[in-house]
Amino acid sequence: QNGSNITMRDNVHVADGQWPQTAVNIMNNAGRTASPSFLENNIALGKSSEFSTVYDSQYAGNSGNDGDINTLWASDTNEAMPYYQVDLGSATTIARIELVARQDMNQQASRRNFEILASNSPDFSQYTVLGQNAKHPFLHLGVWILDVDIKQNFQYVRVQRLNDAGHLTFAELRVLEQVAP
């Protein structure tokens, strides 16, 4: 770490839950454990979505959960607190949320000042805040990952702007469930 700048090299994303033995040894020696195993099953993929606004038809609809990181959803530029939400179809325990940055340009403002909400009501009249990224943008072309510790079932997941921060855009909202190793 150099001031507020962090350089990461040789970062490995483990998608199948099988950590290399070298990594397991390092974590064990550091008193850490590997993340739980996650099924490569995005339970938000292709599910019905709702959004507050849309920039134009190119960025509309289920582009935020269509499984293609080369498409994206974008709110209009006038709304202060835009949101995008997915109906999972039924209440389920959420283990991880992944928000994939748009891939076609570096838009730092869209990679910070957002929160992830979950609810069993489509109007979010009652909700639980699962997590947020309020200050620092996550990496360009990167994936913001939130491991969810709340063991409660939810049917709706929403990514929403914080602090009247305005325009919001991302390539993919993924919702993963945990499976037994």
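Predicted model: local features only at pLDDT ≥ 70, side-chain atom pairs only at ≥ 80, totals over all residues.

Trainee: Which residue in β7 is the bridge partner of Glu-115?

Mentor: The partner of Glu-115 is Gln-132.

Trainee: In what order do the strands of the open sheet lie?

Mentor: Five strands form this open sheet, in the order β2-β4-β9-β6-β7, with antiparallel pairing. Its edge strands are β2 (49–51) and β7 (128–133), each of which pairs on one side only. On average, neighbouring strands here are turned by 20° against each other, with direction ignored.

Trainee: How many bridges join β5 to β8?

Mentor: Five bridges join these two strands, which run antiparallel. Within that pairing, Glu-98 has Ile-145 in β8 as its bridge partner.

Trainee: Where is Asn-113 found, and is Asn-113 buried or exposed?

Mentor: Asn-113 is found in the loop between β5 (96–100) and β6. With a relative accessible area of 16%, Asn-113 is buried, because the cut-off for that label is under 20%.

Trainee: Where is Phe-124 found, and is Phe-124 buried or exposed?

Mentor: Phe-124 is found in the loop between β6 and β7. Its relative accessible area is 6%, so Phe-124 is buried.

Trainee: How many aromatic pairs does the structure hold?

Mentor: The structure holds seven aromatic pairs. In one of them, Trp-73 and Tyr-84 lie 5.3 Å apart centre to centre with 50° between the planes, and the pair is tilted. Trp-73 belongs to strand β3 (residues 73–74) and Tyr-84 to strand β4 (residues 83–93), so that this pair links distant parts of the chain, 11 residues apart. Trp-73 is buried at a relative accessible area of 0%, and Tyr-84 likewise counts as buried at 0% relative accessibility.

Trainee: Why is the pair of Phe-114 and Trp-144 edge-to-face?

Mentor: The label follows from the angle between the ring planes: these lie at 85°, with the centres 4.9 Å apart, so the pair is edge-to-face. The angle cut-off for this class is over 60 degrees. Because Phe-114 lies in strand β6 and Trp-144 in strand β8 (residues 143–147), the pair ties together parts that are 30 residues apart in sequence. Phe-114 counts as buried at 0% relative accessibility, and Trp-144 counts as buried at 12%.

Trainee: Which residues form one aromatic cluster?

Mentor: Phe-51, Trp-73, Tyr-84 and Phe-170 form one cluster.

Trainee: Over which ring does the charged end of Arg-158 sit, 3.6 Å from its centre?

Mentor: That ring belongs to Tyr-83. Arg-158 also lies over the face of Phe-124, at 4.2 Å from the ring centre.

Technical notes:
Residues numbered from 1 in each chain as written. Heavy atoms only, no water. Pairing = 2+ DSSP bridges. Helix = DSSP H or I, 4+ residues; strand = E, 2+ residues; numbered from the N terminus. Axes fitted to C-alpha atoms, helices over the stretch in contact; angles between N-to-C directions. Buried < 20%, exposed > 50% of the residue type's maximum accessible area, 1.4 Å probe, protein only. Phe/Tyr/Trp six-rings, centres within 6.5 Å; stacked < 30°, edge-to-face > 60°. Lys NZ or Arg CZ within 6 Å of the ring centre and 35° of its normal.
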